[in-house]
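I set out to record a few local features of this model, entry by entry. The notes below follow the order in which I looked them up.

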Amino acid sequence: TNAFRCRIPARCLVEWDFDEYPVCDRAGEYLERINDQPLFCISAQRPQLYMQCPLLAVCRQLRVQLGMMHEVGRECSRFLSAFYTPPAREMQTSLHESVDAPAPAYVPIDKRYLVDDSECWSLSDLGVFQQTVPRLPETDPRSETAAWSNASPARSRRGVRLTDEEQRCPMLQYLRRLRSQMVRHIAHACPEQCNREAARACGACTVDEVIYAFDIDNCVTCPRCSTVFHRHCWETKVLHGCPNCAAK
């Protein structure tokens, strides 16, 4: 009967077109059902989006960090209580209401994929980005897209500059606040468990400083042995491979 008007996933991913189009009843019921499900792996289906939409790339990096911190705190009852136990008052689960919720940040059940995974997004997530970035710049297929999209998601995005409007994106604000809360818990509030689990010394220098693998702007982790290095040590001193791996 064409009673439904829905966003078409292919149009969203390929053309950044989030207008609603008439669809048949069966398709409309399906699209409504999957709207909030994290079914779209951007790095596999449309990696160019990470170059065209720096806001999306920054949020992907934040999710990588959140996943690393989740691994640190998954055995800590205080960590789980702070981030995975609903507050005493009734908590709505929409992204916008979660952004407005008081600290400590709570990860609603229907948004836990934002912490558990860094690659998959829901159509409603992408809609949040599109409201902030309504149009994407054209890109040359022969440009640096391949290098950007094939890079590790844990690569530093320090050079990415976001506009003031992008800085106000609800998704970005929520992920940043969640990261800040988790860092505070691991580095300061839980020295006997989480900090002990996460704190490392640089594998290439003797600076008396604790570093963390999840600080991916300033640290690099060897993919083979998981030794953590200051980023500048990795780039200037570790010229011929990880010294820990070479010693084995």
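**Entry 1: a serine in a loop.** I began with S118, which lies in the loop between α8 (113-116) and β4 (120-121). Helices (H or I, at least four residues) and strands (E, at least two) are DSSP runs, numbered from the N terminus. The model is a predicted one, in which local features need pLDDT of at least 70, side-chain atom pairs count only at pLDDT 80 or more, and totals for chains, interfaces and linings use all residues. Residues are numbered from 1 along each chain as its sequence is written, and side-chain values use heavy atoms, with hydrogens and water left out.

I noted that S118 is buried, because its relative accessibility is 15%. Buried means under 20% relative accessible area, exposed over 50%, and partly exposed in between (1.4 Å probe, protein chains only). The side chains of S118 and E119 are joined by a polar contact of 2.7 Å. A polar contact is a pair of N or O atoms within 3.5 Å; within protein, one must be able to donate a hydrogen and the other to accept it, and residues adjacent in sequence count only if both atoms are side-chain atoms. Leaving aside residues up to four places away in sequence, I found S118 touching Y50, R60, R63 and V64; contact means heavy atoms within 4.5 Å.

**Entry 2: the loop between α1 and β2.** I next examined D19, in the loop between α1 (9-15) and β2 (20-23). D19 is partly exposed, with a relative accessible area of 49%. Its C-alpha atom is separated by 5.9 Å from that of R7, 12 residues apart along the chain. With residues up to four places away in sequence not counted, D19 touches C6, R7 and I8.

W16 is also found in the loop between α1 and β2. At 6% relative accessibility, W16 counts as buried. I recorded a positive phi for W16, near 55°. Most residues other than glycine have a negative phi.

Entry 3: I located S226 in the loop between β5 (219-221) and β6 (228-230). S226 counts as partly exposed, at 48% relative accessibility.

**Entry 4: α5 against α9.** Which angle do the axes of helix α5 and helix α9 make where they cross? I read roughly 135° for α5 (residues 54-73) and α9 (residues 123-132), whose axes come within 10 Å. Axes are lines fitted to C-alpha atoms, for helices over the stretch in contact, and angles run from 0 to 180 degrees between N-to-C directions. That angle makes α5 oblique to α9; angles under 35 degrees count as roughly parallel, over 145 as roughly antiparallel, 65 to 115 as roughly perpendicular and the rest as oblique. L55, L56 and C59 of α5 make the contact with L126, F129 and T132 of α9. By class, I listed 5 nonpolar, 1 polar and no charged residues. Ala, Val, Leu, Ile, Met, Phe, Trp, Tyr, Cys and Pro count as nonpolar, Asp, Glu, Lys and Arg as charged, and the others, Gly among them, as polar.

**Entry 5: α5 against α12.** The axes of α5 and helix α12 (residues 170-189) come within 10 Å and cross at roughly 30°.
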